[in-house]
Amino acid sequence: MTQRARITAILAALDDVYGDTGRCYLNYDPAKNWQLLMATILSAQCTDDRVNVVTEQLFAQYQTLEDFAAAPVARLEEAVHSTGFYRNKALGLKGCAQMILDAHGGQLPGDIVSLTAMPGVGRKTANVVRGHIFGIPSIVVDTHVKRVTNKLGISKEQDPEKLEFALMKLLPKHHWIRYNTQLIAHGRKICKARTPDCHACFLRELCAGPS
């Protein structure tokens, strides 16, 4: 089987098991799409479940961009403390709110340049927003995507940005955004970092390195 045929079979199997909708695991109000930007900032080095607990209270307390921009940094630090790296994250939330208001008229931008110019926003966060909010084909590289992609042998790139661009060449555009959510599900249920259950894996015969 060629590498391209193997990747096609892997993607089809992921669709069969996890669906092809590309669900987002972070909670936000679609009418306030900037909430996804903030939730994704908080998700760095933190579980989605923990972020969803924090943002339920956070978004109830700070309901507008203006609320975040005006909030004392110390208050935001207290609110997001349990997500880790809370000082940088609090500064990111406040700074992003202010930049959206000042530079974008209160509207969340969808282009990669504007998004990554915001404090605390890298390509991963920007691509989550682009894919889920604006429907722009985007590759999101997080720890699950890197680990499972490497293990499957789809790509061995270790640098997240290099892996992103490698996957853009290897995967069809229509699969880009859901590849992330599918590998999150697979990484949580089967291909776990410390105890991968290779014998129960439906991708075992297609994996480059089953154990």
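How many nonpolar, polar and charged residues are in the lining of the second largest pocket?

## Basis

This is a predicted model, in which local features need pLDDT of at least 70, side-chain atom pairs count only at pLDDT 80 or more, and totals for chains, interfaces and linings use all residues. Residues are numbered from 1 along each chain as its sequence is written, and side-chain values use heavy atoms, with hydrogens and water left out.

## Second largest pocket

The lining of the second largest pocket has six nonpolar, three polar and three charged residues. (Ala, Val, Leu, Ile, Met, Phe, Trp, Tyr, Cys and Pro count as nonpolar, Asp, Glu, Lys and Arg as charged, the others, Gly among them, as polar.) A pocket is an open set of points on a 1 Å grid over the protein atoms alone, where a 1.4 Å probe fits, with protein on both sides within 12 Å along at least five of seven lines; lining residues have an atom within 4 Å of a point.

About 160 Å³ of space lies in this pocket, a volume being the space filled by probe spheres set on the points. Helix α1 (residues 3-18) supplies the largest share of the lining, six residues. Helices are DSSP runs of H or I, at least four residues.

## Helix α1

Arg6, Ile7, Ile10, Leu11, Ala13, Leu14 and Tyr18 of α1 are buried (under 20% relative accessible area, 1.4 Å probe, protein chains only; exposed is over 50%). Seen down the axis of α1, these buried residues fall within an arc of 160°, so they line one face of the helix; the arc is taken over directions from the helix axis to the C-beta atoms. Arg4 and Asp16, on the other side, are exposed.

Definitions and conventions. Helices (H or I, at least four residues) and strands (E, at least two) are DSSP runs, numbered from the N terminus.
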